[in-house]
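Let's take a walk through this one together. Have the sequence and the 3D view open side by side.

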Amino acid sequence: MTSTTTPYRGEHDDTPLPAGGPNPPAGPDKNTGESLGREAWRRLKQNKAAMASLVILTLMALICFIGPHLLPWALDEVDWSNFQTAPSLENGHYFGTDANGRDILVRTLFGGQVSLSVALVATFVSLVIGVLYGAVAGYVGGRTDNLMMRFVDIMYSLPFMFLVILLMVVFGRNIFLIYAAIGAVEWLDMARIVRGQTLALKRREFIEAAHALGVGGPTIVRRHLIPNTLGPVIIYVTLTVPKVILLESFLSFLGLGVQEPLTSWGVLISEGKDMMESAPWMLIVPSVFLAVTLFCLNFLGDGLRDALDPKTR
Amino acid sequence: MAVHWRTLLTALPLLLSLGTAQAATLHVDNEGEPGSLDPQKSANHWDSRIQKAMFDRLVDTAADGRLIPGLASRWDVSDDGTVYTFHLRDARWSDDTPITAEDAVFSLRRLLMPATANHNANLYYAIHNARAVNRGERAPEALGVKALDAHTLEITLDHPSGYFLQAMAMGEAAPLPRHVLSTTKRWIVPGNTVVSGAFTLGEWHPQSQLTLEKNPAFYAADTVALDRVVMYPLEDTNDAIRRFRNDQIDLSFAQVPSSRIDWVRAQRPDALRTAPWAGEYFYMFNVRDGALADARVRKALNLVVRREIITDKVLGTGMRPSHRFVPEAMSGADGVTMPGLDAPYAERVEKARALMREAGYGPDTPLTLTLRYNTDDDHKKVAVAVAAMWKPLGVTVELYNSEGAVHYAAIKQGQFDIARYGMVATVNDPIDLVGSYAAGGSAAAASGYQNARLDALIEKSAHTANAADRRRVLGQAEQTLLDDYAVLPIFEYVSNHLVSPRVQGFEDNVMDEHPLRFLSLAPPSTPSHSGE
Amino acid sequence: MLSYTLKRLAFAVPTLLVVITISFFLMRAAPGGPFDGERQLPPEIEANLKAAYHLDEPLPMQYLRYMGNLAQGDFGPSFKYKDFSVTELIMQGFPVSLEIGGLAIGLALLIGLPLGVIAALKRNSTIDYLVMSLALGGIAVPNFVIAPIMALVFGVLLGWLPAGGWNGGALPNLVLPVIALSIQQIAYIARMMRASMIETMGSHFIRTARAKGLSEVQVVLRHALRPSLLPVVSYLGPAIAAIVTGSVVIEQIFGIPGIGRYFVQGALNRDYTLVMGTVVFYGALIVLMNLLVDLLYSALDPQIRYND
């Protein structure tokens with residue numbers, strides 16, 4: 001068989017999805033799909049770490065998006081009498097201030113909004129491109145598939161970091177545009193995963209049946225193939241979101257982070273790392289928020305993978 | 001306990017390095033990897049530290065930055081200040097070939113040849129025909145530089161130049177080993193390099209370390225205390241500070257950033273050397289069009305910036321609040337200052353508000369400006385603080401940071417409202433800063449600033465041979481710039497270096513020049529010094 | 001197998017050509033040039049510099065010149081490090097990056113694989129959560145925070161190891177950077193191993209093996225381990241390529257002379273030749289790594305035969 005450069009397991013597997021078994025994989029009709037969802041949810045609920053993570057993540061998002069409105073300080077408000085002060089109950093800066101006299105807690109919460117949003121934007125863009133690209137390549141097959149996957153290979157050989165740095169340089173200012181662009185580079189894995197799934201699925205009876213009934217190609221891709229790749233896609237999302245958050249922090253380290261007065265966890269941590277000995281709160285506060293989020297996203301991701309992958313019972 | 005562990009675990013590598021280093025070895029953080037050791041091919045100041053250690057100039061720099069005789073034991077200047085005659089001493093290259101005036105001629109011609117593409121060539125444009133040679137319009141032989149005999153060099157200038165001797169003390173002007181360059185294409189790698197200075201090139205591992213060894217053939221070798229200098233190109237100041245604390249380096253040429261200054265002051269006050277430095281940190285206004293074409297707006301923006309808050313509270317690195325364009329520490333004129341800045345702050349704010357109203361900006365007609373700065377935590381802090389100070393004027397500031405290449409390209413093309421700029425003087429002369437705002441200068445080109453009076457004063461200074469008169473003329477030029485509120489001066493730089501108390505011969509000076517040949521290392525005073 | 005390998009290698013050439021072309025024009029499309037710095041250059045001096053590097057020629061001409069030199073194996077001189085050719089810089093930096101990256105991956109496998117297996121076998125138990133929390137700790141905090149903390153604690157405060165520097169690759173200088181670099185990889189490998197192990201343990205042939213009465217240890221060691229390694233193997237190819245060129249953070253923090261910094265600094269400083277050199281090198285490396293991984297993959301998984 002031909003191989004793309006990085007084999008995905010579904011691709012090499014001659015019997016990719018177990019045919020019978022107590023929990024058949026997503027089938028053509030809606031009932032089975034729903035029961036899969038219900039079944040997955042039941043299994044997810046058994047995973048304490050994943051459930052706890054889900055709760056914490058929800059809380060985290062709420063705090064980040066609602067919290068700043070409840071605090072007396074604005075994002076770029078300078079407290080002229082409190083430059084770089086330690087956490088204190090008296091002056092109202094419960095987590096201290098930065099070198100510009102701005103409240104660390106408010107900035108951390110705003111930073112959370114940005115970090116979470118850019119991660120979702122990038123993931124969403126990569127998801128859309130990756131799923132469409134992979135599904136089309138896998139479904140059409142033959143030369144088209146070959147050509148499309150060769151393009152993916154070429155993209156893989158382009159150093160990702162280089163592309164990202166250039167994107168940052170070219171787009172400069174608009175942070176969401178940048179992360180949309182990063183998503184547009186990140187989709188390669190997704191395309192491979194979906195293609196692998198599609199290749200496996202399209203040999204299954206229900207697709208052939210749909211074909212025989214005269215259902216058109218695009219409709220088959222849209223109605224049958226994409227919904228059936230949902231499991232791996234959800235897993236991919238929970239893996240990509242933390243990846244993008246870390247990437248964002250790395251770019252901030254290189255000085256390619258969000259523009260002031262906006263901020264992000266990456267920017268705050270990058271500023272704070274130099275202060276670990278003189279103003280440790282500047283490092284600790286955003287780091288804790290980031291670490292908790294990444295922990296939870298990863299546990300949730302693992303939990304979802306366990307719950308959704310029919311082979312892991 | 002910690003000492004025991006340290007001895008056990010670090011003994012091996014340290015012993016290895018100390019074994020050969022019974023002789024005096026200085027370990028130096030040199031800020032960055034050299035772009036080139038060829039004195040005419042690069043412009044980083046960390047390159048020039050190495051270049052100057054390897055290649056002596058006709059005019060040398062003392063530990064305190066003063067100019068002293070180098071390869072030339074003395075020189076004469078004609079009364080009109082246009083003919084310099086250098087008398088070379090009997091010195092030899094490290095391969096024992098005599099150093100001659102022909103070597104100096106060869107080097108100056110090479111410096112100005114277009115193919116060399118030297119960054120600082122314009123500092124030598126006073127030499128007869130230099131500009132034409134540099135533009136490729138004349139042959140290098142046309143340059144006004146002549147070897148009268150093996151030990152006498154005559155340089156003819158088109159007009160007197162206040163900083164010509166300083167330029168001759170720069171690495172660019174060092175005589176080069178003509179006999180090596182003509183035969184060896186890669187003459188500046190270990191093994192091939194022939195030097196005239198206090199040190200020769202030892203090993204060079206790019207991005208890791210570069211070793212300089214004492215040159216026994218140097219004419220003043222008996223005055224050089226160090227046997228070896230190891231230069232580390234540390235890009236991360238925190239790395240430098242950690243290695244300094246670990247006694248892996250004795251001296252850091254990197255500037256201590258504001259994020260670390262508190263710690264250094266508290267923990268290592270004995271090692272922090274702070275001194276005024278010939279550089280100005282300012283915001284450049286694009287005066288071509290829009291609100292900033294209006295001097296009232298520029299004045300208002302200047303009035304409300306409290307420099308002392310930035311220097312003391314936001315940065316705290318010892319920078320000095322600036323009300324002028326040429327730092328006080330430089331050899332500029334006295335009494336030059338931006339008008340209006342010495343009034344009490346409340347008054348300044350009132351005045352600024354009034355000016356903004358006059359210019360047609362107020363709560364209903366707010367002004368939005370973009371402030372560009374290049375990526376750096378300290379630049380960011382300053383920009384955030386300044387933006388907050390402008391806010392009461394109803395000015396909304398959009399902060400825009402980009403990496404150096406983009407930032408400076410945007411400035412060059414005039415694509416900015418307000419841009420952060422740091423000018424560090426290459427030579428200790430006001431013209432290096434003020435001249436950039438005269439017609440044809442880089443700052444004038446970038447900002448769109450034009451003032452015939454300033455141009456005339458700069459032109460006049462070029463023909464004023466008397467140093468005091470010239471300084472006064474340049475002072476008037478600077479004052480013109482300030483009266484126009486063409487810039488927003490923020491602070492004068494200081495240099496902040498970590499220098500181990502063991503290092504001797506390190507003298508603070510305004511050009512931040514610390515020739516390695518004058519440094520020495522006292523024996524470790526405390527037994528706890530690592531590894532011994 | 002041989003013909004497959006040759007075919008893949010032949011395909012590498014057009015791949016690299018496309019990569020080079022895209023990178024070349026992308027790099028030139030970025031605003032700012034190699035000579036835009038704090039010191040604004042007078043026009044005649046800038047013109048001299050541009051002429052010296054052929055930047056005054058039209059872009060297509062520069063492209064052809066670059067490709068022509070490349071065909072002769074010449075990456076050109078670096079704009080920023082003028083005393084060296086790009087080839088020399090890469091050849092000096094690559095062994096360093098390879099050493100650190102290789103050791104880090106080795107360490108990550110050594111720790112990550114067992115952690116993943118243990119977590120999978122004790123799935124959803126306290127041990128699982130504990131092990132995975134430990135592993136995930138590596139990706140919960142960015143390595144540019146972990147690395148300086150390590151340097152501070154073990155280098156400065158405890159004084160056990162050098163706080164930074166390469167020192168020709170001496171062992172004490174290697175310890176901190178390698179550990180710092182492996183922490184993230186441990187997390188990724190442990191997770192991947194856990195997931196694939198869980199998947200394998202649920203498959204038919206494991207049930208069959210159990211039914212044959214093999215002990216759990218035998219089942220794991222003889223049947224489950226090998227197929228479970230497959231995803232980790234396919235991860236390793238890109239991971240090694242990325243870690244070798246992407247250890248920018250570690251190199252910068254510990255002052256290590258690898259090629260990662262060339263890559264980022266070159267891109268930020270518009271050192272066109274240096275960036276192109278690293279891009280070409282990286283492209284070739286990743287093609288090679290992927291080929292190796294596929295061959296290793298087929299060795300591990302008897303179901304795959306490359307015979308076309």
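**A leucine, a patch and an interface**

Setting aside neighbours within four places in sequence, Leu41(C) touches His119(B), Phe35(C), Glu46(C) and Leu49(C). Keep in mind that you're looking at a predicted model. To find Leu41(C), go to chain C and look in the loop that runs between α1 (2-29) and α2 (43-52). Its relative accessible area is 11%, and the cut-off for buried is under 20%, so Leu41(C) counts as buried. For a sense of distance, pick Ser97(C), 56 residues away along the chain: its C-alpha atom is 36 Å from that of Leu41(C).

Helices α3 (48-70) and α13 (281-308) of chain A each provide at least two of the patch residues, with α3(A) giving the largest share, eight residues. Leu62(A) sits in that helix, α3 of chain A, and is partly exposed, with a relative accessibility of 45%.

Last stop: where chain B meets chain A. The contact involves 26 residues from chain B and 21 residues from chain A. Together the two chains bury about 2100 Å², 51% of it on carbon and sulfur atoms. Five salt bridges link chain B and chain A; one of them joins the side chains of Asp76(A) and Lys391(B), at 3.8 Å from N to O. On the chain B side, α7 (237-245), α8 (258-267), α10 (307-315), α12 (377-390) and β15 (395-402) each supply at least two of the residues touching chain A. The largest share, seven residues, comes from α12(B).

Key
Residues numbered from 1 in each chain as written. Chains lettered and ligands numbered in written order. Predicted model: local features only at pLDDT ≥ 70, side-chain atom pairs only at ≥ 80, totals over all residues. Heavy atoms only, no water. Helix = DSSP H or I, 4+ residues; strand = E, 2+ residues; numbered from the N terminus. Buried < 20%, exposed > 50% of the residue type's maximum accessible area, 1.4 Å probe, protein only. Contact = heavy atoms within 4.5 Å. Buried area = accessible area lost by both parts, 1.4 Å probe. Salt bridge = Lys/Arg side-chain N within 4 Å of Asp/Glu carboxyl O.
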